[in-house]
Amino acid sequence: MSSIKISCVVVDDEPMALNLVESYVEKTPFLDFKKKCSSAIEAMEYIKSNPVDLLFLDIQMPDLTGIEFSKMLPKETRVIFTTAFDHYALEGFKVEALDYLLKPFDYAEFLAAANKANTWFELVKGKRQSILSEEKEFLFVKSEYKQLRIKLADVLYFEGLKDYIKIWLKDNPKPILTLMSLKSLEEELPATQFMRVHRSFIVSLNNIDVIERSQIIINDQRITVSEQYKPKFLEYINNHSL
């Protein structure tokens, strides 16, 4: 089973095709449906503020074709083209599409293309996480007009407070305060060492002292594991239990 979720947007100017691909995405466990758009312009506006991993993108659309739109996408956003015209295959290859679905296609054909995307994202994200895990030993954070070098091994936990984060360190009774969101911080931290367990807390897995029911105790601080994050945390505990 895939260990990642691939965020998806479906783009097609034909309502029936749009709804069909949406239904295929919805029943594929490793795909995370975000939005359907009836034009490339609409999709462009959405992606500006909501980055996604993958587009299921029709080619022949008014105003802006799928091929033209694909050339404007961020490099980390990949494309699977959906089209009724097979002569676009070469152009799809030139813009490095992950796959090319010729309409009409059934769920089996869709799933084969989606599995290609899944393999690609697992490889890329796996490499990225491996680099983070092996190489990242510290962070630079801005606090009181200074850039502070924080050793990750010294971090007990991060506490989010609206637009700020408190960084609690070993042998330091006062936290470091920095302007940052927990979400952006979470993407920078090696997942082998840190885990988000609550809307307001990311904990150092290596510095957990006690787990008591739904609470983690680190340096006498009790942190509740919320329902949203409990399955992932319990999986970690089970994998590290004797």
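Reader: Is Asp58 buried or exposed?

Author: This is a predicted model, so any answer here is a value computed from it. Buried means a relative accessible area under 20%. Asp58 has 3% relative accessibility, and therefore counts as buried.

Reader: Which residue meets Asp58 in a salt bridge at 3.4 Å, N to O?

Author: Side chains of opposite charge can pair when their charged atoms come close. A salt bridge requires a side-chain nitrogen of Lys or Arg within 4 Å of a carboxyl oxygen of Asp or Glu. At 3.4 Å, N to O, the side chain that meets Asp58 in such a bridge is that of Lys103.

Reader: How many residues apart are Asp58 and Lys103, and where does each lie?

Author: The side chains of Asp58 and Lys103 meet in a salt bridge. Asp58 is in strand 3 (residues 54-58), while Lys103 is in the loop between strand 5 (99-102) and helix 5 (107-135). The pair links distant parts of the chain, and the two residues are 45 residues apart.

Reader: Is Lys103 buried or exposed?

Author: The cut-off for buried is under 20% relative accessible area. Lys103 has a relative accessible area of 19%, so Lys103 is buried.

Reader: Which residues are linked with Lys103 in a network of salt bridges?

Author: Lys103 has a salt bridge with Asp58. The network also takes in another Asp. The residues linked with Lys103 are Asp58 and Asp12.

Reader: Which parts of the chain does the salt bridge between Lys36 and Glu22 tie together?

Author: The closest N and O atoms of Lys36 and Glu22 are 2.9 Å apart. The two residues sit in separate elements, 14 residues apart in sequence. Because Lys36 lies in one and Glu22 in the other, the bridge ties together strand 2 (residues 31-37) and helix 1 (residues 15-26).

Reader: What is the N to O distance in the salt bridge of Asp32 and Lys34?

Author: Asp32 is partly exposed, with a relative accessible area of 27%. Lys34 is partly exposed too, with a relative accessible area of 41%. Their side chains meet in a salt bridge, and the N to O distance is 3.1 Å.

Reader: How many disulfides does the structure hold?

Author: A disulfide is a covalent bond between the sulfur atoms of two cysteines. Cys8 counts as buried at 0% relative accessibility, and Cys37 is buried with a relative accessible area of 0%. The number of disulfides in the structure is zero.

Reader: Where is Val197, and which residue is 6.9 Å from Val197, C-alpha to C-alpha?

Author: Val197 is found in strand 11 (residues 194-198) and is buried, with a relative accessible area of 0%. Beyond its neighbours within four places in sequence, Val197 has contacts that include Val203, Ile216, Tyr229 and Phe233. The residue 6.9 Å away, C-alpha to C-alpha, and 33 residues apart in sequence is Lys230.

Technical notes. Residues numbered from 1 in each chain as written. Predicted model: local features only at pLDDT ≥ 70, side-chain atom pairs only at ≥ 80, totals over all residues. Heavy atoms only, no water. Helix = DSSP H or I, 4+ residues; strand = E, 2+ residues; numbered from the N terminus. Buried < 20%, exposed > 50% of the residue type's maximum accessible area, 1.4 Å probe, protein only. Contact = heavy atoms within 4.5 Å. Disulfide = S-S within 2.5 Å.
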